[in-house]
Amino acid sequence: MRVHPLVVRVTHWINVLAVLMMVTSGWQIYNASPIFSFAFPAELTLGGWLAGALQWHFAAMWLLAVNGLVYVTYGIASGHFRRKLFPLSPLGVLRDIREALRGRLAHDDLSTYNAAQRAAYLALIAMLAVMVASGLVLWKPVQLYWLGSLMGDYEGARLLHFFAMSAVVLIVLAHVIMVIVVPRTFPTMVTGRARRAS
Amino acid sequence: MNKRFSVHRTPQLENLERRLFLRRGLSLGAVALLSGCNITDQESVQRVLWTMSRWNDRAQGWLFDPKRLAPEFPESAITKPFPFNAFYGEDEVIDVDGGRFRLEVGGLVSEKKPWTLPQLYALPQVSQVTRHICVEGWSAIGKWSGVRFSDFLQRVGADLTAKYVGFKCADKYYTSIDMATALHPQTQLSFRYADELLPPKYGFPMKLRIPTKLGFKNPKHIAAIYVTNTNPGGYWEDQGYNWYSGS
């Protein structure tokens with residue numbers, strides 16, 4: 001049974017790499033001038049020092065942006081988003097989160113996302129879009145001043161970039177935990193095919 | 001991987017295989033993450049990162065609109081105290097003798113005579129209250145006054161079609177900028193901070209204030225200015241910070 005189209009699988013794994021590089025180099029950049037009274041452990045950061053981290057960040061941003069553009073364009077044009085992520089009912093999301101916490105979430109048919117999955121994947125796409133928008137304002141606060149004025153200029157964009165990163169990391173953590181709980185979803189994102197639940 | 005998962009037929013074995021694969025995949029990621037510093041130090045990685053940084057110089061050059069102004073703020077928005085920042089501590093700030101000081105001008109310019117401070121102060125002066133953004137992430141708003149840098153370049157007969165303007169500073173700092181930014185209306189050769197003569201910690205006798213670039217592209221204690229077609233690099237830029245670093 002074919003579950004994930006090739007475009008989705010390729011962009012998924014490129015995105016894993018890009019987000020990993022962006023987050024770990026971003027933590028190193030954060031450490032150069034922490035907004036809050038904590039710093040990220042150096043072992044979890046990428047780049048060695050600020051200049052190295054910035055080089056990684058501004059190289060990986062192209063990978064993240066181009067890959068994201070391919071994914072979103074495909075998702076909209078092919079109807080993939082419409083078929084897989086919608087409709088989305090708030091009640092369904094609450095019910096599925098409750099079921100998941102009780103360890104009873106139905107996940108027999110890998111080709112259909114349950115409501116909690118739909119909400120999580122949509123939120124991740126939205127949060128990554130916020131990261132790109134706020135990141136562009138931090139990179140070009142003068143050239144993109146109009147975009148920055150929607151998020152409280154440079155300092156506002158800095159906070160937004162941090163909180164959107166936190167949301168991305170939390171969603172990814174929940175996603176990875178769910179894959180560990182239901183491991184047969186993992187090869188599916190590689191091969192595109194799923195076997196019946198055993 | 002297709003093959004790997006189709007060899008074993010019993011569901012139990014299959015699940016075991018997948019768990020092992022998953023665990024291996026995760027530990028590989030963890031190893032890659034933990035050895036972050038080593039990845040960056042590898043020569044091939046260094047080459048890719050520096051190539052991308054040069055590409056980013058070009059991309060930023062295209063994005064730069066020579067007419068777009070950095071936002072200006074009311075004086076009430078000025079950050080007090082304005083932070084000190086340099087490649088050395090505040091107790092090591094140099095003391096330049098203003099009376100004996102001469103600003104050198106060189107490279108692709110027709111007027112190479114050195115300038116005294118009174119001569120520079122006699123040029124038409126402008127002020128700005130703009131946001132200084134540090135490459136570290138913090139920002140602060142300050143007020144600078146001095147001569148519009150494009151006015152100065154025209155007065156010394158600089159070749160305005162040249163690519164770069166380089167700066168050598170009395171504290172051994174050096175940096176360089178693109179000509180488009182040098183000619184931006186808010187790029188200013190500043191002699192005063194908050195209506196007072198620039199104090200040593202902010203770069204006496206002069207700094208270049210560029211509200212369209214990161215802080216480290218705003219050299220202090222400038223002693224020599226030269227116009228060139230060869231990229232002179234910079235103190236931080238040569239160590240890996242992005243050369244263009246535009247806002």
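The mean for chain B is 90, and 85% of its residues reach 70 or more. Now select residues 1-9 of chain B: here the pLDDT is below 50, and beyond near neighbours in sequence the stretch has 10 contacts in the model. Two residues count as in contact if their C-beta atoms, placed from the backbone, lie within 7 Å. Where pLDDT is low, the predicted coordinates should not be read in detail. For the complex, the predictor gives an ipTM of 0.91 and a pTM of 0.89.

A word on conventions before moving on. This is a predicted model, in which local features need pLDDT of at least 70 and side-chain atom pairs count only at pLDDT 80 or more, while totals for chains, interfaces and linings use all residues. Residues are numbered from 1 along each chain as its sequence is written, and chains are lettered from A and ligands numbered from 1 in the order in which they are written.

The C-alpha trace of chain A spans about 50 × 35 × 30 Å along its principal axes. Of the contacts in chain A with a separation of 6 or more, 60% join residues 24 or more positions apart.

Colour chain A by burial now. A residue is buried if 20 or more other C-beta atoms lie within 10 Å of its own, exposed if 12 or fewer, and partly exposed in between, with C-beta atoms placed from the backbone. Buried residues make up 29% of the 198 residues in chain A.

Then pick out helix 7 of chain A, residues 153-181. Its buried residues are A:Ala157, A:Arg158, A:Leu160, A:His161, A:Ala164 and A:Met165. Show their neighbours too: the buried residues of helix 7 pack against helix 1, helix 5 (115-139) and helix 6 (145-148) of chain A.

Finally, bring chain B back and select the contact, which takes 33 residues from chain A and 36 residues from chain B. On the side of chain A, the elements giving two or more residues are helix 1 (6-32), helix 2 (50-77), helix 7 and helix 8 (185-191). Helix 2 gives the most, with 8 residues.

Methods:
Helices (H or I, at least four residues) and strands (E, at least two) are DSSP runs, numbered from the N terminus. pLDDT is the predictor's confidence in each residue, from 0 to 100.
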